[in-house]
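Q: Please bring the model up on screen, and then let's go through it piece by piece.

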Amino acid sequence: KEAEWWKRLGFQASRVVTLVKNKYAIVMPYLLPCSNLQVQVENFYKLAEDAVYHMSSKELCHHDIHIANMGYYHSSNGEVKISFLDLSSVSEMTSDKAKKKMLKKIEKFRESAAISTQHHPTDKLTEALSKLSLQGSL
């Protein structure tokens with residue numbers, strides 16, 4: 001099912017392969033994992049929300065949204081985007097319901113990151129590194 005979700009989201013390289021004796025693996029596209037530092041960069045949330053809009057437009061809902069399940073990739077036109085990983089946590093759902101549910105999770109994620117940075121203010125070096133990491137590693 002997970003390979004089907006990847007294809008539905010537009011990642012044509014995904015497929016299921018047989019390893020040995022009926023053991024299967026999914027070949028997924030490579031996405032650069034997001035890091036905790038990057039949630040402090042405002043563009044991160046715009047990209048995450050765009051991922052929600054894209055996934056919900058395919059009538060899919062991811063039920064386990066957190067930093068470890070997000071990754072960056074370049075779209076076919078070269079834009080940096082985020083997609084959700086671990087599509088085993090995905091189910092079919094109407095577009096509006098999926099969008100509402102996932103945006104709520106992104107907002108909770110944003111709030112918890114804001115609280116975290118209030119208690120542990122980001123110094124200038126960490127801020128600069130997070131911006132470099134977001135831009136330079138893609």
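Q: To start with, where is S56 placed?
A: S56 sits in helix α2; helices here are DSSP runs of H or I with at least four residues, strands are runs of E with at least two, and both are numbered from the N terminus. Before going on, note that this is a predicted model, in which local features need pLDDT of at least 70 and side-chain atom pairs count only at pLDDT 80 or more, while totals for chains, interfaces and linings use all residues. Residues are numbered from 1 along each chain as its sequence is written, and side-chain values use heavy atoms, with hydrogens and water left out.

Q: Is S56 buried or exposed?
A: S56 has a relative accessibility of 1%, so it counts as buried; buried means under 20% relative accessible area, exposed means over 50%, and partly exposed lies in between, computed with a 1.4 Å probe on protein chains only.

Q: And what does S56 touch?
A: Setting aside residues up to four places away in sequence, S56 touches S95, A98, K99 and M102, where contact means heavy atoms within 4.5 Å.

Q: Zooming out, how many helices and strands does the protein chain have?
A: The protein chain has four helices and seven strands, and from the N terminus on they follow the order α-β-β-β-α-β-β-β-β-α-α. Of its 138 residues, 34% count as buried. Among contacts with a separation of 6 or more, 69% are between residues 24 or more positions apart.

Q: Which strands form the open sheet?
A: Three strands form it, in the order β3-β5-β6, with antiparallel pairing; two strands are taken to pair if DSSP finds at least two bridges between them. Strands β3 (32–33) and β6 are at the edges with a single partner strand each, so one side of each has no neighbour in the sheet.

Q: How many bridges are there between β5 and β6?
A: Strand β5 (residues 70–74) pairs with β6 over five bridges; in β6, K81 is the bridge partner of Y73, and I82 stands opposite Y72. The two strands form a hairpin with five residues between them, and G78 in the turn has a positive phi of about 90°.

Q: Switching topic, how many residues are in the largest nonpolar core?
A: That core has 31 residues, and those with the most contacts inside it are F44, M55, M70, I82, F84 and I106; a nonpolar core is a set of buried Ala, Val, Leu, Ile, Met, Phe, Trp, Tyr and Cys residues joined through side-chain atoms within 4.5 Å. At least two residues each come from α1 (2–8), α2, β4 (60–62), β5, β6 and α3 (95–119), and α2 gives the largest share, seven residues.

Q: Which residues does F84 contact?
A: Apart from neighbours within four places in sequence, F84 is in contact with W6, A48, A51, V52, M55, H62, I65, N69, M70 and I106.

Q: Which residues line the largest cavity?
A: L9, A51, H54, M55, Y73, I82, S83 and F84 line it, and the elements giving two or more residues to that lining are α2 (42–57) and β6 (80–84).

Methods:
On a 1 Å grid over the protein atoms alone, a cavity is a set of points where a 1.4 Å probe fits but cannot get out, and a pocket is an open set with protein on both sides within 12 Å along at least five of seven lines; lining residues have an atom within 4 Å of a point.
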